[in-house]
Amino acid sequence: MNITLRVWRQAGPDTEGHMETIEVPDVSEHMSFLEMIDVVNDRLTLEGKEPIAIDSDCREGICGTCGVMINRQAHGPVRATVCQLHMRSFDDGETIDVEPWRADAFPVVKDLVVDRSAFDRIIAAGGYISAPTGSAPEAHSTPVKKADADHAFDAATCIACGACVAACPNGSAMLFTAAKVTHLGLLPQGQPERGSRVLNMINQHDEEGFGGCTNIGECTAVCPKGIPFDTISQLNRDMLGALLRGE
Amino acid sequence: MAKKVIMAVSGLIMVGYLLAHMYGNLKAFSGMQAFDEYSHHLRELGEPILPPSGALWIIRVVLLVAVVAHIWAAVLLARRSWTSAGVNRYETRRNRRGIQRTYASFTLRSGGLVIALFVVYHLAHLTWHWIEPGGSSPSPYGRLVAGFSVWWVVALYVIALLAVGFHLRHGVASALYTLGAGTTATARQVIVVLSIVTALVITVGFLLVPFSVLLGVIQ
Amino acid sequence: MTDHNPFENPGQSYDSTDRDDQPMDPRGGREAEGMAEQESTFPVSENAPSGPEQQQLPDADAYFSLGDPIADTKAPGGPIESRWSERKFGAKLVNPANRRKLSVIIVGTGLAGASAAATLGESGYQVKSFCYQDSPRRAHSIAAQGGINAAKNYRNDGDSTFRLFYDTVKGGDYRSRESNVYRLAEVSANIIDQCVAQGVPFAREYGGLLDTRSFGGVQVQRTFYARGQTGQQLLLGAYQALERQIAAGTVTMYAKHDMLELVVADGRARGIVVRDLTTGEIETHFADVVVLATGGYGNVFFLSTNAMGSNVTAAWRAHRKGAYFANPCYTQIHPTCIPVSGDYQSKLTLMSESLRNDGRIWVPKSGEDTREARDIPEDERDYYLERRYPAFGNLVPRDIASRAAKAVCDEGRGVGPGGLGVYLDFADAIKRLGRKAVEAKYGNLFDMYAQITGEDPYETPMRIYPAVHYTMGGLWVDYDLQSTIPGLFVTGEANFSDHGANRLGASALMQGLADGYFVLPNTIADYLADGPFEKIDDTHPAAVEAVTEVTDRVQKLLSVKGTRTVDSFHRELGQIMWEYCGMERSEEGLRKAIGMIRELREAFWNDVLVPGSGNDLNQSLERAGRVADFLELGELMCVDALHRRESCGGHFRAESQTEDGEALRHDDQFAYVAAWEFTGTGQQPVLHKEDLVYEFVEMKQRSYK
């Protein structure tokens, strides 16, 4: 198949960017989207041009490194990461618009690469259980209800790709934050820090310049891991509880 | 975060007010006397514990605070959202309406503005009597019938109530989520249904009276 | 697990008592007592390499020379159960007040790196943590699916520390150190406790207790898991602990920093040279000790289950600076990966080998058979694993399953594009358990398969093919995880120490966390107790030299301006490695491969085209440096594979097999760790042997019949 790419090109963080049109002939429908970009980059390199900067690492949908807007859909038309998106999801002759995640808290580094370090700082603000190495009690000393463990796991599968932010009309990272708050808040081990965790994480979230959540649900709809929307309610409940208790 | 809670609480207060207001409007079907009595009774509500018009003033103050808070929070949150996400952040023209978002969520801010403008007009008409389309009357019932006999008054009313309907369709659910309801998938479904029902009840409930007047059911 | 071995040859297996008189620092060895006929051309006369001078091999084709033996001097002797406690007690401690005066550089933030950084930060050391990814949470440990072993014996099924130790030694085909493996098994239980306390959402049963399953041909249920994403959950646990320390200020994080050189000053590892991948800036960082937790080198094959960025550069640069590289030829090929679909393929995706618990592997009996899988009648299918290994069937170890798959494909019976695939069929499991149960167990794996191939595995059998997955080899370390460069410690997959010639399923996560949480924090103190060492800075000749090397290399890569892309070289190297140093290796093939790699390396430095500059984000430049190092490592792997004229674990030499085509070890000649010393690019490496002594486990030829 043949496609036309319109790709965001931006030489550096402080330079103006623009959409560049690139014709891509002979695309196999079995290629992943990133493999298609690999082929394009090889051609650009041999033509003496700069290849498109794009991040990816594990290419099996779990590291969360890859992620671009494809036709204004985070990760493209399939609910999976870009590395798991295959060209069979597109039509022959289609024009595909590719842009970086856009949010104030995710400045563009180059072309399609953005800086998502804000996520790390949100986790550092409280997205953990303080359990110094060696201090752990025997694993079976605290049973956990299977339903809680499963629900916690569902929330814990977040890969921090940033699709939720890119898709959110408010540029909010509430789903990302809520996933961690819910994961740790549902487990007995997470109780002692539950209140301070949610408040500190939300403060950091706001400080990073992410927007407020208006409960629209675009985040969940594009989330490659299907982090449930109800985690955001859980976050809100935990936050109100913590505020009312005066934490 | 506090702003969102303010948004949610003030919004829900207004929903409560709207439901009471709608109930009062429907009194119009009981005729002029019942409606005017109800209207007058509002001023005597709470007597003798409260002074005349005391309850009404309490309601007015609470409502005013809610409205101001709602608008204030909305402006701040919208401004933050424009910084966080940017306006026209993506170059592509495709999928501008998102993946799944409702029309209601899309029009929340613009609809809110429509509602705010309408409320000013509405007060000017029926509370402050600055304008009196269809002619003046000493009876509230009379003013109502006179006003709604004018087609463009009804048209404005329809536009505003559709805006209110969409606003509530998203707003009620959103407010409840913000206050921590809906932590399971089932609970969220219930909340969505609840918000749709609220929106429908209020929109239809308010529109019954003007259309009845326009069609001559109420005279 | 059965120990019965019909092929056991008493002449080849050592009774442990034979070894009791071996000194801890064995010189010379027991070689050449029983060379089989086919080994007679082996050019090494290994007896008594006394003295430091390196002995040139007589064979004109010799690719290496033989140096002094090497020994692990840190492991205590005595009963194996008490060795770790004894070492901990014997190790020097660092006073808490002094810790903040001591600095540690840790490169890599996978399980081994993040856990170590978090733990050392907690202890009060000043830690600097580096990773090439944009966040420490993205290290490739995150992709491990299956689970983590621990000798908890929650199932009351006869598991114990000793059994885990035994299984690991046996699974490693008797090419690992007993002391190390026992320690690994010993701390395994603490890992589970630690992870649960951190909030890792392991799978649980309705009673609220942890669920376990059996994994990878082991007959006890000791594998803890978190659906198919165990690596992710464990890594996030370590990552969160790391972030907590970052917030506390004990750890400084440098993401998007690629280590390009090691600084060895006055005989000690004292720092690293890194490139800030965003700005292109070359920076030098100093510390009292350097830890490499940089993972394996599977990407030398280009196609592997490793991440695109996984690389050997940090380890290889350390090797060039004097750290010995041990057993580079031990690579694990994973049998259940999704096959290649075309020449644009950039990586291979692994599917958890737990699939083999219920899936049945087969190919058509006839290579001519072009029917759809479902149309091939039962009696025209060859369930070759069940046929050849009735006791273990589809659950034979990874290497056996992999080789068997390659064998049937080489016979022309493979399925799918290029005939490189075999069926993994769940029809029977669905019939037996119901689709719902299969979905509950493997749903996410099935979805993943469907997503990648566009085929529905509930309806048609999956196609699988082996792919490189893990490398057991790595930098040589002693019991303290210290390399041959003082002050350079190596943890996780980057070292060689615990898995021998082959790794058991669900043991990689165990080793990474064992090293990072429990082993390194204890052993590193013994080294740091002598610190802080003399302060050095950018002006130290060693630092100047390292920085110059890095900048020169970057300039060189950018200035070749040839005609071929970096990837085209990498792909070609991968093909050579897969063909000649993959699942089956032969004398002839390896010699050929070495020649080809040398030519390719020369072509690379004359014809590579790296666009852009070194002053900003330049992904081609990043890759170019990595491929340049792979081009050197590839040769060493082939040399190691060539010199090891036996089959063991992940190393299968065509010349060393039983009549039935099973791997045949030669314990009399090769029961040692091959630690290679770098002498210069294109120069012959020097082989240092570390004899392996088995006091507690009897060496046996493996059999899964």
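Predicted model: local features only at pLDDT ≥ 70, side-chain atom pairs only at ≥ 80, totals over all residues.
# Chatting through chains A, B and C

Student: What does chain B span, roughly?
Tutor: The C-alpha trace of chain B covers about 55 × 40 × 35 Å along its principal axes.

Student: How much of chain B is buried?
Tutor: Of the 219 residues in chain B, 42% are buried.

Student: OK, on to the partner. How many residues of chain B are in contact with chain A?
Tutor: On the chain B side there are 33 residues, and they are in contact with 47 residues of chain A.

Student: What area do chain B and chain A bury between them?
Tutor: About 3,500 Å², with 49% of it on carbon and sulfur atoms. The size of an interface is often quoted that way, as accessible area lost when the parts come together.

Student: How many salt bridges are there across the interface of chain B and chain A?
Tutor: Two salt bridges turn up between chain B and chain A. In a salt bridge between A:Asp206 and B:Arg80, the side chains meet at 2.9 Å, N to O.

Student: Which elements of chain B do the touching?
Tutor: The elements of chain B that give two or more residues to the side touching chain A are α1 (2-26), α3 (54-85), α7 (151-178) and α8 (185-214). The largest share, five residues, comes from α3(B).

Student: How do the residues on that side of chain B divide by type?
Tutor: The side of chain B that touches chain A has nine nonpolar, 15 polar and nine charged residues.

Student: Switching to chain C. How many residues does its contact with chain A take?
Tutor: The contact takes 75 residues from chain C and 74 from chain A. Chain C and chain A bury about 5,900 Å² between them, 53% of it on carbon and sulfur atoms.

Student: Which three residues supply more of the area that chain C buries than any other three?
Tutor: C:Arg138, C:Arg204 and C:Tyr344, which supply 12% of the area that chain C buries against chain A.

Student: What about charges and polar contacts there?
Tutor: Six salt bridges are found across the interface of chain C and chain A. The side chains of C:Lys347 and A:Glu60 form a salt bridge at 2.5 Å, N to O. Between chain C and chain A, 43 residue pairs are in polar contact, both residues at pLDDT 80 or more.

Student: Which element gives the largest share of the side of chain C that touches chain A?
Tutor: α6(C) does, with eight residues. By type, that side of chain C divides into 29 nonpolar, 30 polar and 16 charged residues.

Student: Now the inside. How many residues does the largest nonpolar core have?
Tutor: The largest nonpolar core has 252 residues, and those with the most contacts inside it are C:Val104, C:Ile148, C:Phe202, C:Leu292, C:Leu488 and C:Phe604. Helix α16 (residues 619-643) of chain C gives the largest share of this core, 13 residues.

Student: What is C:Ile148 in contact with?
Tutor: Setting aside neighbours within four places in sequence, the contacts of C:Ile148 include C:Ile191, C:Phe202, C:Phe224, C:Leu234 and C:Leu513. There is also a second, separate core of 32 residues, and C:Ile361, C:Cys409, C:Val438 and C:Tyr465 are among them.

Student: Which residue has a positive phi of about 45° although it is not a glycine?
Tutor: That's C:Asn327. C:Asn327 is in the loop between β12 (325-326) and β13 (331-337) of chain C.

Student: Why does C:Asn327 count as buried?
Tutor: Because C:Asn327 has a relative accessible area of 1%, and buried means under 20%.

Student: And what about C:Lys561?
Tutor: C:Lys561 isn't a glycine, yet has a positive phi of about 50°. C:Lys561 lies in the loop between α13 and α14 (566-581) of chain C. At 47% relative accessibility, C:Lys561 counts as partly exposed.

Methods. Residues numbered from 1 in each chain as written. Chains lettered and ligands numbered in written order. Heavy atoms only, no water. Contact = heavy atoms within 4.5 Å. Buried area = accessible area lost by both parts, 1.4 Å probe. Salt bridge = Lys/Arg side-chain N within 4 Å of Asp/Glu carboxyl O. Helix = DSSP H or I, 4+ residues; strand = E, 2+ residues; numbered from the N terminus. Nonpolar A, V, L, I, M, F, W, Y, C, P; charged D, E, K, R; others polar. Core = buried A, V, L, I, M, F, W, Y, C linked by side-chain atoms within 4.5 Å. Buried < 20%, exposed > 50% of the residue type's maximum accessible area, 1.4 Å probe, protein only. Polar contact = N/O pair within 3.5 Å; in protein donor to acceptor, adjacent residues only side chain to side chain.
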